[in-house]
Amino acid sequence: MDLFYYYCVANSKTETKAVNKNRPSWAPSKHIVQYCCTLTILLFSLSYAQANTIFVNVNATGINNGRSWQNAFTNLQDALSEAKSNPSVSAIWVAAGTYYPSDNGDRAASFELLPGIAIYGGFDGTESTLAERNPTANPSILSGNIGDPSIATDNSYHVVLALNITDENTALDGFVIQDGQADGSGLFGFGGGFFNLNNNYSGKTAYFRIRRLTFRDNYGKAGGALCNYSENDVHDSLIVERCNFLENQANNGGAVANYKADKGQMECAYLNCTFSRNSASVNGVAAFNIGSTCQIISQFLYNVNYIGCTFWEN
């Protein structure tokens, strides 16, 4: 090991001459050693990155510990529980398949985002880098259809829940979110697909991003697919990027509702999103803003401008 390290650090001409002068005849050349050093560093970096990642694949047949694709968790809730108890985890990778917030019909159960954890979907279960995934070819579906598949009234109130997130490293990227049914009382009537609630960190900024999500067939009294809700002097800054909102329904805000209550502050931005065939029985077939400054934009931030996104057949 000492000899290997000695050759690794011998990179300058002076050091190389010194090493070559005393190098045993059996010792490897400088170029071979440099290649081995580089390979070792790359392998170490990959191992370190994967050591901080939990894997989820509903079709995995291994030992169900989340440490690799082979031994991936088959339930996303198990991965979230592990990430919550393990501070070294920074990412969760989810393979194609359908995942449900509850396996016992609990409508209040949701996939709850965790501060600082980035959750990525769209894998086929063999990838070693994020660049290899393809969410279009490998849809990772988060579904609220936890009861009788033929009816919606027993579905999850919120498929995904973000509660007082203040860590900007938090992300949800590359999923289909469907079959949420926010038809309950109080806050259970907001955001059938995704409910972003910020009400408990007075004066703090709640900021994170969701990307490349498809919201389809969700219902809510306010915000069929997505509802941003801010109160109690919380500054809510959510970035929604390259998301599709398809055939969602609500009383107010067929696709999205942005709700600022009490002293809450909200600046949400929708970047390059598509809104199609959404409907509302009262207000805002695509989007409904209550007391908020909401920007739907293409590349740059403007105050109260709706540009760059695609709206059709709403």
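**Parallel sheet and aromatic pairs**

Y99 has L142 of β6 as its bridge partner, strands being DSSP runs (E, at least two residues) numbered from the N terminus. The model is a predicted one, in which local features need pLDDT of at least 70 and side-chain atom pairs count only at pLDDT 80 or more, while totals for chains, interfaces and linings use all residues. Residues are numbered from 1 along each chain as its sequence is written, and side-chain values use heavy atoms, with hydrogens and water left out.

Strand β6 (residues 140-143) pairs with β3 in the parallel sense over three bridges, where pairing requires that DSSP finds at least two bridges between two strands. Both belong to an open sheet of seven strands, paired in parallel in the order β3-β6-β9-β13-β17-β21-β25. Because β3 (97-99) and β25 (310-312) stand at the edges with a single partner strand each, one side of each is left without a neighbour in the sheet.

In the whole structure, 14 aromatic pairs are found, a pair being rings of Phe, Tyr or Trp (its six-membered ring) with centres within 6.5 Å, stacked if the planes are under 30 degrees apart, edge-to-face if over 60 and tilted otherwise. The rings of F55 and W93 are edge-to-face, with centres 5.6 Å apart and planes at 80 degrees, and both residues are buried (under 20% relative accessible area; exposed is over 50%, partly exposed in between, with a 1.4 Å probe and protein chains only). By contrast, F275 and F311 are stacked, at 4.7 Å centre to centre and 5 degrees between the planes. F275 is buried at 0% relative accessibility, whereas F311 is partly exposed at 38%. F275 and F311 form one aromatic cluster with F215, F245 and Y270.

Terms used:
Helix = DSSP H or I, 4+ residues; strand = E, 2+ residues; numbered from the N terminus.
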